[in-house]
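Colleague: Please pick a single part of this model and take me through it closely. Start with the whole chain, then zoom in.

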Amino acid sequence: MTATAPITQDVHTIPRKLPEGPVNLVGLTRDALRDALIAAGTPERQAKMRVGQIWQWIYQWGVRDFEAMTNLSKAYRAELGQKFVIELPEVVSKQVSADGTRKYLVRIAGGHEVETVYIPEADRGTLCISSQVGCTLTCSFCHTGTQKLVRNLTAGEIVGQVMLARDDLGEWPVPGAPKDETRLLSNVVLMGMGEPLYNFDAVRDAMKIAMDPEGIQLSRRRITLSTSGVVPEIAKTAEQIGCQLAVSFHATTDEVRDKLVPINKKWNIETLLNTLRDYPKVSNSERITFEYVMLKGVNDSDADARRLVKLISGIPAKINLIPFNEWPGAPYQRSDWERIESFADIVYKAGYASPIRTPRGEDIMAACGQLKSATERARKSRKDIAAEAGLG
Ligand code: SAH
Ligand code: SF4
């Protein structure tokens with residue numbers, strides 16, 4: 001099917017109400033924090049030092065109260081308290097799965113909600129964070145894709161998810177304590193709700209904050225951004241964020257990918273692969289993760305597996321096979337286990353790691369692609385989605 005209707009929307013133009021009252025410092029870059037302090041009366045010659053001090057309190061120690069910032073004078077603390085706040089989005093509820101996965105329902109300004117998921121594993125703890133409420137895109141197998149984009153998250157709301165998870169895990173260091181190298185929250189994946197590359201600036205600022213060596217200190221090698229394939233933003237991601245990249249590939253012909261990941265009609269497989277070839281070099285990362293959802297009878301044949309390895313040849317890659325996670329009304333089924341193994345085997349024998357992602361937190365609907373805020377009323381109609389994906 002060739003598309004005539006536009007399939008994306010310029011989300012940067014969606015107006016958002018400016019915050020009223022005191023400015024929230026969470027989510028400001030170091031430069032923006034400096035500007036805010038100067039605008040509030042901090043003398044310019046002190047600004048750099050003040051940024052460093054406040055930054056450490058907020059991001060290294062997890063402090064939320066200016067009164068606790070004991071290396072600042074009492075008068076300056078009071079002044080800060082009048083002009084600024086240090087606020088995270090609110091955790092409305094937390095569900096804990098039988099397998100230890102935690103799903104947080106997080107309320108952001110305007111009363112909207114997103115989900116954040118913490119996945120503990122033997123050698124790491126991964127936090128899956130959201131970048132938008134809903135999504136402009138309409139991948140036909142994704143639950144978030146059935147919900148309209150409500151708005152982009154701010155940088156504060158994005159890095160705020162990392163901070164609220166650290167609160168819940170009790171993981172802020174105590175002054176004077178030895179460094180803890182075995183963190184509960186060791187990795188971040190931008191694989192929650194939304195397309196991170198349609199909210200580039202906020203995602204970049206939030207990840208820069210999370211990577212800052214005087215704060216949360218997550219290595220860029222432990223942050224993975226997943227995109228459906230927003231080609232023009234991929235090079236920017238390499239240059240300006242430098243994190244690991246995962247791509248929602250999911251099909252080996254344009255005909256099938258057009259249906260599963262409709263952004264393919266704008267940037268097809270060949271265009272996407274050409275862009276990906278440069279990513280590891282520019283970002284100095286090792287390899288790209290190709291995500292591949294296993295849908296029964298749609299994209300899971302041995303021929304697909306062979307086409308896949310041929311397509312990506314020359315790109316340092318790992319193929320992450322994701323058994324489809326069902327959601328109410330989903331138009332697909334998960335491939336049988338033997339089929340997934342046979343697919344994985346072909347990919348593996350061609351020289352690529354081909355882990356099968358174990359679905360986590362299924363009992364609390366926390367698995368990949370199941371996130372959707374139940375309270376949002378803005379819905380895409382089933383008809384729209386089917387038409388977009390050429391399933392109608
Ligand atoms: N918008 C971004 C990131 C969020 S989705 C993207 O599309 O890459 C994270 C991953 O989960 C993507 O690879 C997505 O394709 C996959 N996914 C979505 N719905 C799924 C489902 N129902 N079952 C399994 N994986 C799914
Ligand atoms: Fe949006 Fe990603 Fe879901 Fe596609 S898979 S609809 S891009 S969240």
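Modeller: The chain has an accessible surface of about 17700 Å², and carbon and sulfur atoms hold 51% of that. Accessible areas here come from the Shrake-Rupley method with a 1.4 Å probe, and for residues only the protein chains shown count as cover. This is a predicted model, so local features need pLDDT of at least 70 and side-chain atom pairs pLDDT 80 or more, while totals for chains, interfaces and linings use all residues. Residues are numbered from 1 along each chain as its sequence is written, chains are lettered from A and ligands numbered from 1 in the order written, and side-chain values use heavy atoms, without hydrogens and water.

Of the 392 residues, 54% count as buried; that is under 20% relative accessible area, against over 50% for exposed and partly exposed in between. The chain has 11 helices and 13 strands. These are DSSP runs, numbered from the N terminus: helices are H or I with at least four residues, strands E with at least two. Contact means heavy atoms within 4.5 Å. Among contacts between residues at least 6 apart in sequence, 68% join residues at least 24 apart.

Now the part I picked: helix α8, residues 269-283. The expected span is 1.5 Å times one less than the number of residues.

Which residues of α8 are buried? They are I269, L272, L273, T275, L276, Y279, P280 and S283. An α-helix has 3.6 residues a turn, so residues three or four places apart point the same way. The cover over the buried residues of α8 includes α6 (231-240), β11 (244-248), α7 (254-260), β12 and α9 (302-311).

P280 sits within α8. Its relative accessible area is 10%, which means it is buried. Beyond its neighbours within four places in sequence, P280 is in contact with S285, E286, I288 and P316. G242 is 38 residues away from P280 in sequence, yet their C-alpha atoms are 9.2 Å apart. Just after α8, N284 has a positive phi of about 55°.

F249 lies in the loop between β11 and α7. F249 is buried because its relative accessible area is 0%. Setting aside neighbours within four places, its contacts are R257, V261, I269, L272, L273, F290, E291, L308 and L311.

Of the 20 residues around ligand 1 (heavy atom within 4 Å), G194, S226, S248, H250 and N325 come nearest. A polar contact is a pair of N or O atoms within 3.5 Å. A polar side-chain atom of H250 lies 2.6 Å from an oxygen atom of ligand 1. The protein buries 96% of the 530 Å² that ligand 1 exposes when taken alone. β10 (223-227) and β12 (288-294) are the elements giving two or more residues to that shell.

How values were computed. A polar contact is a pair of N or O atoms within 3.5 Å; within protein, one must be able to donate a hydrogen and the other to accept it, and residues adjacent in sequence count only if both atoms are side-chain atoms. Buried means under 20% relative accessible area, exposed over 50%, partly exposed in between (1.4 Å probe, protein chains only).
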